[in-house]
Structures are given as structure tokens and as C-alpha cells.
Amino acid sequence: MNPTHEIASPSYTLNCRMNQEAAALERLCQVVRVRGFRIARMAMESSEECLEIALTLEGSRPVSMLQSQLEKLHTVIGVEVVSGAASRSRTA
Amino acid sequence: MNGSQHILEAFHRHNISTVFGYPGGCIMPLYDALVDDVDVEHVLCRHEQACALAADGYARASGRLGVCIATSGPGATNLITGVANAYLDSIPLLVITGQVPSALIGTDAFQETDILGMTLGIVKHSYLVEDAGDLPRVLEEAIGLAQSGRPGPVWIDIPKDILLSPITTAAPERPQAENRQQQCPDIREAWAMLKAAKRPLLYSGGGVSLAQAEANFRAFAEASGLPGVVTLKGIGNAGRHNPNDMGMLGMHGSRAANKAVDECDLLFVVGARLDDRATGKLDGFAPNARLIHIDTDAAEINKLRAADIAVRGDLNAILSAFTTAAEQTPLSIGDWQKQCQTWHTTGGFRAAGNEAPLTPITGPAFIRQLSGITPDNTIIACDVGQHQMWVAQYYQFAHPRHHLSSGGLGTMGFGMPAAIGAQFANRNSTVINVTGDGSFMMNAQELATIRRYNLPLKLIILDNQCLGMVRQQQELFYNNRESQINLDDNPDFVAMARAFDIPALHIERTDQIRRGIETILAYNGPMLLHVAISREENVWPIVKAGSSNREMIDEPRKTSNRKEQVA
Ligand SMILES: Cc1ncc(C[n+]2csc(CCOP(=O)(O)OP(=O)(O)O)c2C)c(N)n1
């Protein structure tokens, strides 16, 4: 058995705002998975234009790297790390 | 105007005059509209993968947007490899596919695939057009997005009914063309770090030409005098004649380039993403160096190696600011420059070979002669394998857009379609596809495209009767246990070319190289040169995947004297 599996990965809470578009949510989830994180909890609310998504994630890689990959998605308006790491707002 | 006509109108507005595609059921309305369009040249390839790769080659060689078109289902899935290829090398591509009519989506209709879902991970962005009124906006957005910032493929999937629907909404106003000379971030801190370094090294990648920053890059390289290494995609950044350019680093890089990275105290990274094929094991990469990372894409900074200083923004503006600084206060790195030049002389790839005339041809000997004979503006499209590495090592490129190589995905079969695309983008340039016997067969059907459009392309097969790159790794790292690499039952390539009405020539001895190359170059039309090379030839040096670049393995018979010169 791989001993690293027994060590709990750090957990983070992220708030993500996206435009309503086909496959918006799939895109978000795929980036989270491919960049090495696991979704522990997810809540979403949708308004006319936007999706507001709260994510609790686990993963051993730096969360800032995930944040910058999510911010690259065209449908993403903003990503905020609210706990688990120093919060950083989106740069231009 | 219907949806299809609207797409063509968008092409006109954006000066898109060449597209690569293949028709079928759900995209037929667009093909019907093409019948009446005299301004858009549609190039029919013989496989959708080749359409995407040709569009990619077109974009790489020209810096313009590549466009490919296919039908739903198998047409769309056949595009996937080509689109992934463009994604990993940040090539601007517009991909248009037909989809089953809106009402049939989700019913497992004939030729329905969820292409949007399948391709999320290989596009910069993608759209499924759900409302005809959205089409004008989506097209504008997609064309802009594919080419802006860090470029990449953007895919639009359009249901057949929308291709036929009347479009009443107008295309949105085009935003004013961005001024390329954008505001420059503050470089003072980075300049101070560079100025203080004793052994600074310029490390550049494909980002330089993606940002169309070649001129500013060269101005900076010259003003600073920094010794430089390049990644596979950065080859040509410094031109043919920069004495400080040490060529490619990494797995098959030169001993000199890897040595310089190992010894430098500052790595000045421009438009490169520190890919594992270039860095080797990260722990051992540039162990004594601080790092300044210059890139357009924020997500590349600190991704694999923490930057001491990051400068993010438009490469043109940033490089020109550094050039001004270097002109005002030149760097004093004379000893380090000399040291690098010595390493390059003894451990670089430029050294001329002295092959005896009657001996079998080797890959390096052939590429060195090709480099010497071909004109400066020659475009070389490679496939993937040993031949690709010999081109990277021994061909002297004048410009990065002359070297078309599938870097990120390493797609066998890239070369011929990419060369086709490049020839359409540069009708008067000499375009050569250098390929291996394995790669050639991956898109060999495109001989028909070359013939149909009578493209004056030159095809060179370095035929070692095997999957050479895999054979080499099996020899070196799998106890020489050869597994499924033998191709000694290859077809007769000369006869095969002739079957497509493309003349062909066979050579096998060193003294035939020059005549062979000159003959195909002089021929007014497409021609194939079949070059028999040894099955046992390896690409040297090599770093085992996962090892540090310091652990380069050199050609056994050269090991003893190389050690003295460079180590
Ligand atoms: C589509 C695809 N399949 C498999 C590979 C793995 N691969 C990399 S190099 C290579 C051998 C290439 O053989 P050839 O084209 O004859 O070139 P050579 O190495 O002999 O010069 C293979 C199979 C790949 N890169 N692309």
C-alpha cells in the first residue's frame, strides 16, 4: 500500500464565479481533477448570467497553481481561495 | 443570410482565405454555401486528422489563424489528435464541426457524438451553438480568443439546423485591434538581478514566436550578449549566426547547452514552460541558478520551478525594455561568454562531419548537408522520432517559424499535413517534410492532397526500417529487448509515391546526398527522396527520461574525448 495515501491532503475552500455556458461546470470539474485535486464538497447557485460555485477541495499540490489554471478558463469570472491558503485575488 | 453563409462572411471579415476540411452529413449546409464563395479556398485533405494538422502547420508557418472544418461524429473525432497537437503547442486554430440537428442532440442520433464534452481538455475554449442568434457573437469571440494572449484552438460545434437558420443578428462590433506595444511591467528588480549575475543564461522557447517577438528577442540577445540555449520550440529564435547561441538543451540537447544550464547562476527564461523533456529531473535542473521568468501566461509562472522574479505581460514590451537597459549599462560577462563559446565549439552540434563517401548515410550527416544546401527561408516540417531530433540538432534555422515540429504532443504523422499547411501559407517558400518510415505511414494518404494541389513540397524519408526512437530506448533502457519496432516489410516508398504521380528517388551512400537533395530541390513540383539509413543509428547524446540532464549518455565511441573537453 502506498503510505502517502494515509496522509490526509490539505483541504481548501474556493469560491468560483462563472458565466452560464454549455459545459461550464464540466470544464471546471475537469480542470480540478486534471490539476491534481479531489472535490470533497460542492454547492452551486445559478442566476440569469452567472454560476456561483463553492468548492471544498483536497490535494497536495499548491492551490495557487489550481487557481491560476481555473482563472484561465474563458467562462470563469473570478476565483477566490477563502480558506486553506493565503487568499489572492485575480490579476489582470 | 443563413448560418453557413454567416460563417463565410466572418471568414471574409477576418481575412481567412484558406481553410482545411472534409465534408459530411451535418456540415453539408456549410459546404453548400462554399460552392458560391470565390474568396475562401477550401483545401480537401484525405483525413480529418490531416485537416487539423494542416491548419496547425498553416498557423505555425504564418502566425495567422488556422481553420479546419469537419462533420459530426467520426469527422469530429478524427480531428481530435490534430486539435490536441495545437493545444499543447499553443497554436491558434478555429475548429468548426457540424452537429446533429438541435432536436436530435441527446438521442444517440446517427453520427452524434458529444464532441464538446470529449474535447474540453484540449481546447482553449469551445462552444455548442444552441441559438442561431448567438452564432455571430460566438464566431467573433472564437476568432479573437484563438489568437489572443497565449493562443490555442477554439472549437465551435454547430447543429445542422443552425447552419440553415436565417441569421438576423449582426456581428458584434470588433474591438479596436489591441496595440501590440502594451504597457510594460516594471523590470527594474529583474534587471538588477541580471546585472549582478556572473554567469547568466538566456533560456528561450516557443513563446517568442507565438508573441511575434522575434525581432525584440534578437535585439535583446545582441544588446545583452547573453549566452543562450533554446527549447525544441525555441529553435531559430536567435537566427543562424548568433555566436552566443548554444542550441537545444534537454533530453537530446547538446552537451554544451546542458552544461551551461548546469553551471549558470541565473536563468533568464523567456516564453518557455520548463517542460520535462527540456529540464530533465527538476531537482537537478540549473541547481545553482536563480530564475527570472518572463511569460504572457500567469499559470506558467511558478508551475514547475519557483521564479525568483516573474515578469508577466507582453513579450515585445518586456524584451524591448530589457534591451534599452542593456544598451545603457552593458553586462560584463566576457569570461562567461568565452567559456560558453568554448563549450559550444567542443560540445555543440555544429561541428562538421567528415564522413567517407562510400559509407552508409547517417541521419546527422544527411541533415548537416541539407542545412548547408537549402536556402535561408526553407521551412522544415518534421515528424516524430530520431529524424526529428537530428533536424533539431543539426539544421541551422534562420527563424523559429521555419521549424515546424510537434513539440508538446509529439504526434507521428504531423509532418506531411503540416508541410501542406505551410506551403499554402507560404506559396513561394521551399517546404520540406523530413520524416521517418514509421511516421510517413501515419498520414501517407496526404500524398493525394499534395498531388491534387500540385504543391511543390519535398518529402524526405529517413528510412531505418524500424521505429527508431523506440528501438533506441529499448536498446539503452530495456536491455535491448526489441518489441514491435520492426518495419522491415515497409512498402516500396518510391513506387508508392509514383502511384500518386509524385516522382521519387532513392539514395543510400554518403556521396549521393548532395545530388539527391539538389535533384529534389531543382524539380518543379512535389518530389520524394527515399534515404536508406542504418537501422542501428542512435540519437546522441541522450538523457534517460526522469534523470537529470547532468546524466547525459554520450555516443560510446565519443565518450572518452568528450569528457575531457566539456566536463
Ligand atoms: C501517433 C504516435 N504514436 C506513437 C508514438 C510513439 N513514438 C515516438 S517516436 C516513435 C518512432 C517513430 O518512428 P519513425 O517515424 O520511423 O522515426 P525514427 O525514430 O525511426 O526516425 C514512436 C512509435 C508517437 N509519438 N505518436
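β9(B) contributes 4 residues to the lining of the largest cavity, the most of any element. Helices (H or I, at least four residues) and strands (E, at least two) are DSSP runs numbered from the N terminus. The model is predicted, so that local features need pLDDT of at least 70 and side-chain atom pairs count only at pLDDT 80 or more, while totals for chains, interfaces and linings use all residues. Residues are numbered from 1 along each chain as its sequence is written, chains are lettered from A and ligands numbered from 1 in the order in which they are written, and side-chain values use heavy atoms, with hydrogens and water left out.

The structure holds 3 cavities of 30 Å³ or more. A cavity is a set of points, on a 1 Å grid over the protein atoms alone, where a 1.4 Å probe fits but cannot get out, and lining residues have an atom within 4 Å of a point. Grid points are joined across faces, edges and corners, and the volume is the space filled by probe spheres set on the points. The largest cavity contains about 200 Å³ of space. Its lining comprises 16 residues, and Asp245(B), Gly247(B), Ala392(B), Tyr395(B) and Gln396(B) lie nearest the centre. Two or more lining residues come from each of β9 (245-248) and α16 (386-394) of chain B. By class, the lining of the largest cavity has 8 nonpolar, 6 polar and 2 charged residues; Ala, Val, Leu, Ile, Met, Phe, Trp, Tyr, Cys and Pro count as nonpolar, Asp, Glu, Lys and Arg as charged, and the others, Gly among them, as polar. The largest cavity lies between domain 2 (182-347) and domain 3 (363-551) of chain B, because both give residues to its lining. The domain bounds come from an automatic or database domain assignment.

The second largest cavity has a volume of about 80 Å³. Its lining includes Leu202(B), Phe217(B), Val229(B), Asn242(B) and Asp245(B). At least two lining residues are supplied by each of β7 (200-204), α10 (214-224) and β8 (228-230) of chain B, with the largest share, 3 residues, from β8(B). The lining of the second largest cavity divides into 7 nonpolar, 4 polar and 1 charged residues.

In chain B, 6 strands form an open sheet with parallel pairing, in the order β14-β13-β15-β16-β18-β17. β14 (403-404) and β17 (504-507) of chain B are the edge strands, each with a single partner, so one side of each has no neighbour in the sheet. Two strands pair if DSSP finds at least two bridges between them; β17(B) and β18(B) run parallel and are joined by 4 bridges. Leu505(B) has Leu529(B) in β18(B) as its bridge partner.

Glu537(B) occupies the loop between β18 (527-532) and α23 (559-566) of chain B. Glu537(B) is buried (under 20% relative accessible area; exposed is over 50%, partly exposed in between; 1.4 Å probe, protein chains only), at a relative accessible area of 18%. Beyond its neighbours within four places in sequence, Glu537(B) is in contact with Thr362(B), Pro364(B), Gln386(B), Trp390(B) and Arg471(B), where contact means heavy atoms within 4.5 Å. Pro23(B), in the loop between β1 (18-21) and α2 (28-35) of chain B, is partly exposed, at 35%.

Chain A has 2 helices and 4 strands, which run β-α-β-β-α-β from the N terminus. Of its 92 residues, 34% are buried.

Definitions and conventions
On a 1 Å grid over the protein atoms alone, a cavity is a set of points where a 1.4 Å probe fits but cannot get out, and a pocket is an open set with protein on both sides within 12 Å along at least five of seven lines; lining residues have an atom within 4 Å of a point.
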